[in-house]
Amino acid sequence: MENRLNQEQKDALMEIVSIGAGNAATAISRLVNRQITLSVSTIQLMPVTEASQAMGDPQALVAGVYCKISGELAGGFLLTFPGETAFVLTDILLGEPAGKTKTLDDLGRSALQETGNIIIGAFVAVLADIAHKNMLTSAPKFAFDMAGAVIDFILAELAEVAEQALVMELVFFDVKKTINGKFFILADPGSLKLLLSVVEENNE
């Protein structure tokens, strides 16, 4: 499979992942008792070994939530936020004044992990429904570390399974400071090919 998406594939995927983003935003809005809008601004396909570049400086701190996929589609999901962005999001999730969170304690980590779990779950539900395939996710794992260390962990988990990653940029609106995160779908070659074919058919 080529390391890029054609326009038809991008359009089809955008339509589907936008549904997942909308569902996730609704769930998060209920959680924090305020209106949150979540959208997908970009989507691209790249080799898993280059995925770390999408997170920027490998030495920069990122918060990451990761789940393995099993079933008829296999691989993993990874959601990451830059360190400072994670602090902003933590304040929103915990109802704290803007700028209060400077480090992540257990409560902050738990809030981010649960939010990641909600977002991943929303995307899994939509993709499973569209593909008519069973997709099971593991319990989420949370990490707050350098981007390079986070992606190295993922590669160790999936190097023998996933060769390519769908990389999306998520944008939170309706908050005082726009929040950007990266969302990765890392599927084995057969699963990724099947997923792309299904979304294309659904868009016809």
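## Exercises on helix packing, strand pairing and a cavity

Helix 2 and helix 3 are roughly perpendicular to each other, because angles of 65 to 115 degrees count as roughly perpendicular, under 35 as roughly parallel, over 145 as roughly antiparallel and the rest as oblique. The model is predicted, so local features need pLDDT of at least 70 and side-chain atom pairs count only at pLDDT 80 or more, while totals for chains, interfaces and linings use all residues. Residues are numbered from 1 along each chain as its sequence is written, and side-chain values use heavy atoms, with hydrogens and water left out.

**Exercise 1.** Describe how helix 2 packs with helix 3.

*Solution.* 
- Step 1: take the geometry. Axes are lines fitted to C-alpha atoms, for helices over the stretch in contact, with angles from 0 to 180 degrees between N-to-C directions.
- Step 2: list the contact (heavy atoms within 4.5 Å). Helix 2 brings Ala 86, Leu 89, Thr 90, Leu 93 and Leu 94, and helix 3 brings Leu 107, Gly 108, Ala 111, Leu 112 and Thr 115.
- Step 3: sort by class. Seven residues are nonpolar, three polar and none charged. Ala, Val, Leu, Ile, Met, Phe, Trp, Tyr, Cys and Pro count as nonpolar, Asp, Glu, Lys and Arg as charged, and the others, Gly among them, as polar.

**Exercise 2.** Trace the pairing of strand 2 with strand 3, strand 4 and strand 5.

*Solution.* 
- Step 1: strand 2 (residues 61-71) runs antiparallel to strand 5 (residues 141-146), with six bridges; pairing requires that DSSP finds at least two bridges. Here Leu 61 faces Met 146.
- Step 2: eight bridges link strand 2 to the antiparallel strand 3 (residues 75-82), where Gly 76 is the bridge partner of Lys 68. Three residues separate the two strands of this hairpin.
- Step 3: strand 4 (residues 135-137) is also antiparallel to strand 2, through three bridges, and its Thr 137 stands opposite Ile 69.

**Exercise 3.** Work out which residues line the largest cavity.

*Solution.* 
- Step 1: the lining holds Ile 69, Leu 73, Phe 77, Leu 127, Met 135, Ile 185, Ala 187, Ser 191 and Leu 195. On a 1 Å grid over the protein atoms alone, a cavity is a set of points where a 1.4 Å probe fits but cannot get out, and lining residues have an atom within 4 Å of a point.
- Step 2: strand 7 (179-187) and helix 5 (189-203) are the elements giving two or more residues to this lining.
- Step 3: by class, eight lining residues are nonpolar, one is polar and none is charged.

Conventions. 1 Å grid on protein atoms, 1.4 Å probe; cavity = no way out; pocket = protein on both sides within 12 Å on 5 of 7 lines; lining within 4 Å. Helix = DSSP H or I, 4+ residues; strand = E, 2+ residues; numbered from the N terminus.
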